[in-house]
Amino acid sequence: MIQFKSVTKKFPTGNTVLDSVSFHIHPGEFVVITGTSGAGKTTLARLMIKDIAPSSGEITIDGEDIAKTKPKHLHALRRKVSVIFQDYKIIPDKTVAENISLALQIANFPPEKIKDRVEHLLNLVNITEKENLFPSQLSGGELQRAAIARAIASEPVILFADEPTGNLDSQTASGIIKLLQKINSTRTTVVIATHNQDFVNLASQHLHLEKGKITSSIPKNKENNKERTKKSDKKDV
């Protein structure tokens, strides 16, 4: 579970991006975080992997206060929580397969199993034929798929996708969301940060960031499902 307790983040410029933010995300959820550009969505991702520290408040992942995570143990946290940033952070002078292989090497994946794992991931994200291409040779959708394959290479329990469809056309964006839903079906907790309201009804929980504050809600279709389940349970009794 991910839990933020009264988390505030102020930057040296004096800008307060998050103001006493509290929420919790249960294992296996598909969560959509909305908010305009600059609302603090990327800051949430950076806080989860301890790339930056909160000004105040507490962040726990699986019951562990990540403020207490020592630098030498950061790699374990970042294996558990994987982030796909807006700029992908794909190494430009390495092929798609090499980018994924490197992620596996860093995660101390057994060397003799890396090739098979890379092939599996490329097949999962449907870019098998792109394995020997460099990032500059890929379309936006292919680049996003490569970034997703690299992010899930070491089987994280939480995947945070920061604006995964921001620069894509609607058809390609739909394909990326379906891929993230497929990953979520393997019990991986998926958190999507987006300004696109179209994805809200796909979520088990919707968080909205505005002026440093956050609101949480369950999309209406999910609430309706819960209500139907309750009524069904009563009939079974």
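Buried means under 20% relative accessible area, exposed over 50% and partly exposed in between, with a 1.4 Å probe and protein chains only. Ser154 is buried on that scale, with a relative accessible area of 16%. This is a predicted model, in which local features need pLDDT of at least 70, side-chain atom pairs count only at pLDDT 80 or more, and totals for chains, interfaces and linings use all residues. Residues are numbered from 1 along each chain as its sequence is written, and side-chain values use heavy atoms, with hydrogens and water left out.

**Largest pocket**

- The largest pocket holds about 700 Å³ of space.
- A pocket is an open set of points on a 1 Å grid over the protein atoms alone, with protein on both sides within 12 Å along at least five of seven lines; lining residues have an atom within 4 Å of a point.
- Grid points are joined across faces, edges and corners, and a volume is the space filled by probe spheres set on the points.
- The lining of the largest pocket has 24 residues. Nearest its centre lie Arg78, Ser82, Val83, Ala103 and Arg150.
- Helix 2 (74–80), strand 6 (81–84), helix 3 (96–106) and helix 5 (140–151) each give two or more residues to this lining.
- Helices (H or I, at least four residues) and strands (E, at least two) are DSSP runs, numbered from the N terminus.
- The lining of the largest pocket splits by class into 14 nonpolar, 5 polar and 5 charged residues.
- Nonpolar covers Ala, Val, Leu, Ile, Met, Phe, Trp, Tyr, Cys and Pro; charged covers Asp, Glu, Lys and Arg; the others, Gly among them, are polar.

**Second largest pocket**

- About 210 Å³ of space lies in the second largest pocket.
- Its lining has 13 residues, with Ile152, Glu155, Ile183, Thr186 and Thr188 nearest the centre.
- Helix 4 (114–124) and helix 6 (170–184) are the elements that give two or more residues to this lining.
- Helix 4 supplies the largest share, 4 residues.
- The lining of the second largest pocket divides into 6 nonpolar, 3 polar and 4 charged residues.

**Helix 6**

- The 15 residues of helix 6 should span 21 Å at 1.5 Å a residue, and the end C-alpha atoms are 21 Å apart, which agrees. The expected span is 1.5 Å times one less than the number of residues.
- Buried residues of helix 6 are Ala173, Gly175, Ile176, Ile177, Leu179, Leu180, Ile183 and Asn184.
- These buried residues pack against strand 3 (30–34), helix 4, helix 5, strand 7 (158–162) and strand 8 (189–194).
- Asp169 caps the N-terminal end of helix 6, with a side-chain oxygen 3.1 Å from the backbone nitrogen of Gln171.

**Loop between helix 5 and strand 7**

- Ser154 sits in the loop between helix 5 and strand 7. Leaving aside neighbours within four places in sequence, Ser154 is in contact (heavy atoms within 4.5 Å) with Arg79, Leu104 and Ala107.
- Pro156 is found in the loop between helix 5 and strand 7, and is buried at 6% relative accessible area.
- Beyond its neighbours within four places in sequence, Pro156 is in contact with Arg79, Lys80, Ser82, Ala151 and Thr188.
- Pro156 and Thr189 are 33 residues apart in sequence, and their C-alpha atoms are 8.8 Å apart in space.

- Asn99 lies in helix 3 and counts as buried at 3% relative accessibility.
- Leaving aside neighbours within four places in sequence, Asn99 is in contact with Ile90, Ile91, Lys94, Pro135 and Arg150.
- Ile106 also lies in helix 3, but is exposed, with a relative accessible area of 60%.

**Positive phi**

- Most residues other than glycine have a negative phi.
- Asn108 is not a glycine, yet has a positive phi of about 60 degrees. Asn108 is in the loop between helix 3 and helix 4 and counts as exposed at 63% relative accessibility.
- Arg187 is not a glycine either, and has a positive phi of about 80 degrees. Arg187 lies in the loop between helix 6 and strand 8 and counts as exposed at 77% relative accessibility.

Definitions and conventions: 1 Å grid on protein atoms, 1.4 Å probe; cavity = no way out; pocket = protein on both sides within 12 Å on 5 of 7 lines; lining within 4 Å. Polar contact = N/O pair within 3.5 Å; in protein donor to acceptor, adjacent residues only side chain to side chain.
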